[in-house]
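User: I want to learn how to read features in a structure. Can you walk me through this one?

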Amino acid sequence: HANSLLLEEKEFNKNNFHKNESLSNFSLLSIIGKGRASTVYLAEYQGEYVALKIFDKLYVYKNDLIERIVLEKNILCAFSDQKFLCHMKFYFTTRTKIVFVLLFYLGGDLFNMLLKNGKFDETTSAFYAAQIANMISFLHSKNIVYRDLKLENLMINENGYLTLIDFGSCKIIEDQ
């Protein structure tokens, strides 16, 4: 079993991997999200704000989530040219953690924007709906099914456009 864990970790450590990075290089400012498998922090790194998505390795292995996290990592790394999908700057591992360093979106999420502003007018709703349709259409064109669409996973970037985050529940549909 230990050999398979080493193999899986070796496979995991490709694309945007920073071998010598450490959590001590980040100033953790606050928790901005918590899921079953990870906690997301607002952090400061080299003078800029980032989001750190941190997984506990023991939890990942015990709950057989390796494939899910590798898929999420691959999606975050593969589509860095798509403005409407979350970008991973890089990732690293520690002895006990897997850490994704993601862009932080200053506009917050669509859920909190809706709470703050009340309902959207028809033009704003159509603007956001078109972006969501574009996101999902793009992912489907790559045989990726996004299975966690909710307002909390739609971040507002610096230009007022939506960005889709959290690819942990995605599924790849093989061509038949």
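**Reading the features**

Analyst: N112 sits in helix α4. Helices (H or I, at least four residues) and strands (E, at least two) are DSSP runs, numbered from the N terminus. This is a predicted model: local features need pLDDT of at least 70, side-chain atom pairs count only at pLDDT 80 or more, and totals for chains, interfaces and linings use all residues. Residues are numbered from 1 along each chain as its sequence is written, and side-chain values use heavy atoms, with hydrogens and water left out.

User: Where does L106 lie?

Analyst: L106 is in the loop between β5 (97-103) and α4 (110-117). Its relative accessibility is 65%, so L106 counts as exposed.

User: How many disulfides are there?

Analyst: A disulfide is a pair of cysteine sulfur atoms within 2.5 Å. By this rule the count is 0. C86 is in no disulfide: the nearest cysteine sulfur, that of C77, is 11 Å away. C170 is in none either; for C170 the nearest cysteine sulfur belongs to C86, 12 Å away.

User: Why do C86 and C170 count as buried?

Analyst: C86 is buried because its relative accessible area is 4%. C170 counts as buried because its relative accessibility is 6%.

Key: Buried means under 20% relative accessible area, exposed over 50%, partly exposed in between (1.4 Å probe, protein chains only).
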